[in-house]
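Good morning, and thank you for coming. Please look at the sequence and the structure as I put them on the screen.

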Amino acid sequence: MSKTINVLFLAAEADPFIKVGGLGDVAGSLPHALRALSNDDIKLDVRLVLPYHPAVKAENLRPLELFTLPRSGSEVEVEAFETTLNGMPVYFIGGEPIRANGSVYSLDAKLDAEKYTFFSLAALELSNHINWQPDVLHANDWHTALSIYGNLAKRWEAGARHVAGVLTLHNLPFMGPDISALLESYGIKLAQTDLPEWARVMPMPLGLWASDAIVAVSPGYAGEVLTPEYGCGLNEFLELRKDTLSGVLNGIDTISFDPAVDKAIGINYTADTLEKRIINKGVLQERLKLPHNPNVPLFSIISRMDVQKGVDLAFTALKNMKRINFQAVILGTGDPKLEEAARNLESLFPENIKAVLRFDANLARLIYAGSDMILMPSRYEPCGLAQMIAMRYGCVPVVRAVGGLKDTVKQGETGFVFEKAHHMSLVSAIKTGLKVFADREKWRMIQRAGMAGDFSWEASAREYQKLYLSLIK
Ligand code: GLC
């Protein structure tokens, strides 16, 4: 007999509706990959729910019936909408706390607290209005973690049926603001938890505490969060929950990210026609107004401008490579100080370095297709997507041995890996890479090995499916 697992997948962002970072890529792909596993024995009815941020782009939204959440003796209205994307029902939760907050993630912690507490609790309530009940709540990061806590708190009170809670950790340091008063205003009590005292009022720790399973976005990161260096003060707590903690590597959208068909690049190519890549390099150099030179190594940084990503280390490394002839392109936005540093670097080396400080998905594709090495010296990296996309395009990653980077890039085989979060370690990894770069045949082998890797979502989706099954049996 066939079995259906209903999964409500909650996220702050999801491609193509709204995307700020890697979480948007994951939430845009994983639910579809899970649904695609459905067969005669097991059907995965995964549905996505997102906040109706003012910047959301969605078509054919059908309003659902208004409902309310009780709050401080009064009530807050929830305006929910439904649409479908490739056959998957997608819900949007709107209402005053979401309208009031213009950006997906605000610098104002209070606005974010209001928005995501409301969202998490309203999403929980949604199932009572769509004639569909989840077996699994799958939340992502702090923004939606309270749905799992709220679900547990409701179960104590109402004796409601069991819904399993899965929390995926994309970025542990972001735990969310103190929401204790807010929670109480919605009539949800703070439990006595075995969390460290400071963490008992924050969404991410509360979600971790209440969840049945915790998933880090790579096996490497799952191990790292148990250490004082990366555990952000929750390592001892997570150690107690070790049995429920696992790591599932993210995938990438291998249909969209495919140099054989990508329309945003100069010329399409495969692992067998790698010589054509040089044309993309030329197109890229022209687009960036860099001197046209097929032989000079072209480095790329495609990243949020964030200390997490170690872009400052990369900038210092490039500054320290004066005697090497290279070109580099920096693409991304973020921390104004790092953007400024990127601009300074460009003005120091106007003939060699270009900083493009904006979000530009098409230019990113051309950079993957035309640059020789991508630099990712992250201080921590739960998974990282750029190194996988780069390998698919034959752009060789130079990465720090951390989190998902060390899980996906093999030293000397598919890329170059270094240990210390120091610019000189990056410089020496780049130099090792340059020696290989000088030997065309060896370089091609590295490019081809990276291109042969399987970074599709299917394998990851299978692991999540196994996890769901183990939780609801
Ligand atoms: C966060 C992490 C990144 C990960 C992404 C998707 O942005 O910093 O490493 O790839 O989430 O899980």
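This is a predicted model: local features need pLDDT of at least 70, side-chain atom pairs count only at pLDDT 80 or more; totals for chains, interfaces and linings use all residues.

Residues are numbered from 1 along each chain as its sequence is written, and side-chain values use heavy atoms, with hydrogens and water left out.

What surrounds the ligand? There are 14 such residues, each with a heavy atom within 4 Å of the ligand; His170, Asn250, Gln308, Glu381 and Gly384 are the closest. At least three residues of this shell come from each of domain 1 (3–251 + 458–472) and domain 2 (271–454), with bounds from an automatic or database domain assignment.

Oxygen atoms of the ligand lie 2.8 Å from a side-chain N or O atom of Asn250, 2.8 Å from a polar backbone atom of Gly384 and 3.0 Å from a polar backbone atom of Cys383. The ligand taken alone exposes 310 Å², of which the protein buries 94%; these areas come from the Shrake-Rupley method with a 1.4 Å probe.

I turn to strand E14, residues 373–376; strands are DSSP runs of at least two E residues, numbered from the N terminus. Met373 and Leu375 on one side, and Ile374 and Met376 on the other, are all buried, that is, under 20% relative accessible area (1.4 Å probe, protein chains only). E14 pairs in the parallel sense with strand E15 (residues 396–400) over 4 bridges, where pairing requires at least two DSSP bridges. Val398 in E15 is the bridge partner of Leu375.

Key. A polar contact is a pair of N or O atoms within 3.5 Å; within protein, one must be able to donate a hydrogen and the other to accept it, and residues adjacent in sequence count only if both atoms are side-chain atoms. Buried means under 20% relative accessible area, exposed over 50%, partly exposed in between (1.4 Å probe, protein chains only).
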